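Student: Please pick out one part of this model and go through it closely. I would like its surroundings described as well, with the cut-offs stated.

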Amino acid sequence: MISKVFLSCIMLLSWFLLKPNLVLAQNLESNSYKVQFGNFNMGSGRREGGAFILSDTMGGLAVGPYGQYGSSDYFIGGGFQYVYQIDYFSFSISKLNVELGELFANSFKTDSHTINVTTEGASGYNIYAFENHPLRLVSGTEIIPDTVCDLGTCDETTAGLWVDSSVGGFGFNVSGDDVATDFTNGNYFRQFANNEASESMQQIMGSNNVALDRTATVTYQAAMPADQDAGNYQTSIVFVAVPGY
Amino acid sequence: MSLKLSNLVTLLLNLFLFLVIKPISPAQAASSLDLKVFPPTAYLAVKPGAAINHEVKLKNDGLYTLEITPVLVDFKTDERSGQVILQQKSDFKHLNLDGDPEKWGRSFVLKPSEEQNLNFVIAFPSDAAFAEHRLAILFQARQLSYASVSNSDTLISAVLASNVILLASPDEQNRGELIIEEFKVPRVADSFVGFNFSAMVRNIGINAVPIDGHIKISHWPSPSPEIYELYPDMVLADDKRLVRAMSEAELSEIEALEQQKEVLTASGENFEALKADFIRQKLRTNFFYKKAFLIGAYDLELKVGDDILQKRVVVLPFSALAIAMLLPPLFWLANLLSKSLKK
C-alpha cells in the first residue's frame, strides 16, 4: 500500500514538473523592440555615390520633414507615450481551405474559420474580403450564384437573413470583434464581392483604434438551387488586411 | 506478484492521467496563415535626385510555407479617421524592391518562422515634383502547396499591406499646416443630459503633419479648465481628419496603469489587453461632456497648431423647466377630471 502511495506521489510530482509550459503560440516580438511612430532608425546611415546620396532605413526611418516628429519631445511630453507603440501589423487565418463538400438541393453546407488582427499602434485597421469568382463546379462551368438571401435583399455590401435552404446561393457571415454592423446575428449573410465581375472588395471587419488580438469567425454557407446538378463546387477567397495611418 | 501487478496498474493509471488528462494548455494553436509586417506605416521624405533604402520586415509565423507576391498600389484616405482605401494599381515608378522594377509581381517563398528584410529602394529623379505620394506595398500570400487539400475545397489566401507616405521634397522644411475645418458644439444643452462635441482639422500644407493641440472647457466659477489633449494623429497633405483626444485625467489614469504593469502581470492580469481596452474606450472622436448637473455657460476652446476657435454652450435645466411648466395644466386637468367624475 505504501509503495502504491509512493509511486503515485512520484508520478504526480513528475506530472507537475514535466507538464507543458505556458506557450503563447502567437506571441509577438520582445517589448524592447517596440518603437514610437515608426521612426526606427537603428542601422540607418548615408552612402554617397556618383549619381545620388543613398540613405538606409530599417523599418521605416523617417527622414526629412517627417523625421523630426518621431523624435520630438511632443510625443514624450504629450502624455500619449503609453498609447501608440508601433509594432508589427499581424494578420492570421486559422485555416486556408473551406470544405463545403458535395452540395445538394434544399440543404445548407457550412464551414468556418477565424481571422485575427493585432496592430498595437492606435491607427486601427480594416479587413476586406472578395472571391475570385462565384462557386463553380470543379469539373464543369456551372456556378452557384452568390446568395440574395431569403428576401432577395442581400448583396456584397449588405447582409440579409438567410435561413431558408431552398434559396440557393453562396454567402458568408462574420461574427466577433469589430465586425461590420450589418451582420446582425449568425443568420445574416452577405455575398462576397466578385472579382471576376469587377466588384470592389468589401470591408468586413475594422476599427479606428488600438487592435490587440481582435478575432472574428467567418462562416461560409452554400445551398444549391433545386434545378442544378449535385456536385463539388469551389472558388478562392482573399482577405486583405490594411493598417490605418 | 499480486502487489507488483497492482503497482503496475497504478503506474499505468498514473501514466494515463499524465498523458490524457493533463491540463489543457492555454496556448493558441498556430494558425495556418500568420503573417506579420513592419512597419505598418512609414513616413519617408526623399530629395529629388537622391535615394533611400526602405526596409520592410515580413515574418511568417504560420504553419505553412507561403508564396509571397509584392504589389504596389496607391491609396486614398477616408478623410475622417485615417483609414486607407486601396486602389487597384499605382503608376509610381520610383519605389522598387532591391531597386528592380521587375520584382513587382514576382513571387518569393517565406518558410514558417522565417523573417525576411525586404529592401525597397526609393530613388527620385532630380526633376521629381514636390509632392506627397500615398502608396501601399501589398504582400499577397498564399500557401505554396495545397497537397493535403481536396481539389474541391475553396482556397483562402491573404494580402497584407504596409503603407508608405512618401514625400519628394527639396529640403527638410515642414510645410504641413493644420487649420480647424469644423468644431461641432451645440448652442444649448440640458443640465441633466450633457452635450456632445467633435472637431475636424484640415491640412492645407503639402506634407503630412501630426495634430497638435487641445480642447479646453472652461466654466465659471470652476477655477481650472478641463483639458483634452489631442492625439498626434497624422493628417496627410490636403486631407482632413477627425481629432481624437483624451482628457488629462484619462492620461493620468493610463500612466498609473502603466506603472502598475508589473503588479498586474504578476497577479495574472493580461496587462496589454487591459490597456488596449482602456485606450479603445477613452481615445475617441466623439466627446460627451456630462456631470451630475450642468448649469450656465461652458466655453470650449479648440486649439490646433496656431489656429484657435472658441464656442459657447448654454446649459440650462430645460427638462426640469418643461416639467415645471407642464405641471400646472396637468394639475388643472386632473382636477377637472376628478370633478367631472364626482358629478
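A loop residue and its surroundings

Tutor: In chain A, 72% of the contacts with a separation of 6 or more are between residues 24 or more positions apart; a contact means that the C-beta atoms, placed from the backbone, lie within 7 Å. The model is predicted, so local features need pLDDT of at least 70 and side-chain atom pairs count only at pLDDT 80 or more, while totals for chains, interfaces and linings use all residues. Residues are numbered from 1 along each chain as its sequence is written, and chains are lettered from A and ligands numbered from 1 in the order in which they are written.

Chain A holds three helices and 17 strands, where helices (H or I, at least four residues) and strands (E, at least two) are DSSP runs numbered from the N terminus. Of its 245 residues, 42% are buried, a class that requires 20 or more other C-beta atoms within 10 Å of a residue's own, with C-beta atoms placed from the backbone (exposed is 12 or fewer, partly exposed is in between).

The part to look at is A:Val83, in the loop between α3 (73-77) and β3 (89-93) of chain A. A:Val83 counts as buried because it has 26 C-beta neighbours inside 10 Å. Leaving out residues up to four places away in sequence, A:Val83 touches A:Ala122 and, in the other chain, B:Ile254, B:Ile279 and B:Leu283. A:Ala105 is 22 residues from A:Val83 along the chain, and their C-alpha atoms are separated by 53 Å.

Helix α2 (residues 248-259) and helix α4 (residues 271-282) of chain B have axes that come within 11 Å and cross at roughly 175°; axes are lines fitted to C-alpha atoms, for helices over the stretch in contact, and angles run from 0 to 180 degrees between N-to-C directions. From α2(B), B:Glu250, B:Ile254 and B:Leu257 meet B:Leu274, B:Lys275, B:Phe278 and B:Lys282 of α4(B). By class, this contact has four nonpolar, no polar and three charged residues; Ala, Val, Leu, Ile, Met, Phe, Trp, Tyr, Cys and Pro count as nonpolar, Asp, Glu, Lys and Arg as charged, and the others, Gly among them, as polar.

Chain B also has an open sheet of six strands in the order β12-β22-β21-β15-β16-β19, with mixed pairing; two strands pair if DSSP finds at least two bridges between them. β12 (188-190) and β19 (245-247) of chain B are at the edges with a single partner strand each, so one side of each has no neighbour in the sheet. On average, neighbouring strands of this sheet are turned by 25° against each other, direction ignored. Within chain B, β21 (residues 296-304) and β22 (residues 307-316) run antiparallel and are joined by nine bridges, and B:Gly296 stands opposite B:Val315 in β22(B).

Back in chain A, an open sheet of four strands has the order β5-β16-β8-β9 and antiparallel pairing. Its edge strands, β5 (102-103) and β9 (143-144) of chain A, pair on one side only. Two bridges join β8 (residues 135-137) of chain A to β9(A) in the antiparallel sense, and A:Arg136 stands opposite A:Ile143 in β9(A).

Technical notes. Two residues are in contact if their C-beta atoms, placed from the backbone, lie within 7 Å.
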